[in-house]
Amino acid sequence: MTPLDAEDPSVRAHLVRPRKCIQSDADMHIWQRSDAHHTILLFLMQLSEACVMQPTRDVVWHERETYAASDSVIDRVLALLIELDTWTDEIVPDTGPHRFGNLAFRTWGARLQERAEALLRRCLPPHLHAFITELYAYLVDAFGSFVRIDYGTGHELHMVAWLAYLYRLGALSEEGAEARIALEVIPAYLRVVWHLQDRYTLEPAGSHGVWGLDDFHFVPYILGAAQLRDTTMSPLQMADLSLYPHARMREPRVGPRLSPRDTIMYVPPTHASPMPNMYTSSLARIHSLKRGPFSEHSPLLFDISRNVPTWPKVHAGMLKITLYLVA
């Protein structure tokens, strides 16, 4: 990935507040051939290579002040995410009637829009503050639509783009940065947005129903498949492990059966359990939220588990599908 010289006046001269440019199928084709598209795919590939056979790392949620005081921008990104998560506990869901999503999510979003610039100033070194003009929009749009009260893969892509931009600027240049982004920052982000989805009953944005890979996410399947790429456990065995114990529970549904933190670090309680990874965690979350046969509520993931024999093939397939989902 080509780095950007943050001190170069010609780079700074092009800074402008981002605007939505994909309005049609023709725009989509232009995007898929763009340098930005290729940069994001390359970034995901770099993250994937950094987390092969590496477990998801458990971020210490109560150490926000320690992370915030660190010289590491990655630590300060984690502090930012943890702070956002505290807002979800503070902002109580609206008790009035609502058909789709909880209106309190708009209050959460208004707070983010109001404070995002200050959050970015605390997170970034001073020489990168000029880039907040562009970074602001990607951060604010990474947590859902505050108008529609929904969340989807497009919002997830904004977080990936935000991190890729920081990476190109050299803000995330410490040793082992790619592994930390993949194994700490992305899971921490998932924990934040899963909490938002549960707390404010967010709708899937642009969901294709059962014919989508997942109602809300795609990136954790790419990175999770990379984490498992050299394991001897097959995709079928992993899918079956992720069913336990959720598919065997028969009590009435009262919210998700696993908390976001427990889902991130989920390891099925069997002697053959793999390390914590985002693929298993994502499947566990689906089974924690949905009832019925896996083949009915998630047919694409079911077919992958039954018909794709190895993790390298799963990972390669996920990257190919990404060509059509990163918009």
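Guide: Gladly, and let us start with "buried": a residue is buried under 20% relative accessible area, exposed over 50%, and partly exposed in between, using a 1.4 Å probe and protein chains only. This is a predicted model, where local features need pLDDT of at least 70 and side-chain atom pairs count only at pLDDT 80 or more, while totals for chains, interfaces and linings use all residues. Residues are numbered from 1 along each chain as its sequence is written, and side-chain values use heavy atoms, with hydrogens and water left out.

Visitor: Which residues of helix 7 are buried?

Guide: They are Ile 132, Glu 134, Leu 135, Tyr 136, Ala 137, Leu 139 and Val 140. That is seven of the nine residues in helix 7 (residues 132-140), which is mostly covered. Helices here are DSSP runs (H or I, at least four residues), numbered from the N terminus. The cover over the buried residues includes helix 5 (73-90), helix 6 (104-123) and helix 8 (153-168).

Visitor: Why does Phe 43 count as buried?

Guide: Because its relative accessibility is 1%, and the cut-off is under 20%. Phe 43 sits in helix 3 (residues 35-50). Leaving aside residues up to four places away in sequence, Phe 43 touches Met 1, Val 160, Leu 163, Ala 164, Tyr 167 and Ile 181; contact means heavy atoms within 4.5 Å.

Visitor: What is the span of helix 9, and what is expected?

Guide: Helix 9 (residues 177-200) has 24 residues and reaches 32 Å from first C-alpha to last, close to the expected 34 Å. The expected span is 1.5 Å times one less than the number of residues.

Visitor: Where in helix 9 does the kink lie?

Guide: At Val 185, shortly before the proline Pro 187, with a bend of about 25 degrees. The bend is the angle between axes fitted to the seven residues ending at a residue and the seven starting there. Helix 9 is mostly covered too, with 21 of its 24 residues buried.

Visitor: What makes the pairing of Arg 229 and Glu 49 a salt bridge?

Guide: Their side chains meet at 2.7 Å, N to O. A salt bridge is a side-chain nitrogen of Lys or Arg within 4 Å of a carboxyl oxygen of Asp or Glu, so this pair qualifies.

Visitor: How many salt bridges are counted between domain 1 and domain 2?

Guide: Three. The domains span 35-204 and 209-323, with bounds from an automatic or database domain assignment.

Technical notes. Helices (H or I, at least four residues) and strands (E, at least two) are DSSP runs, numbered from the N terminus.
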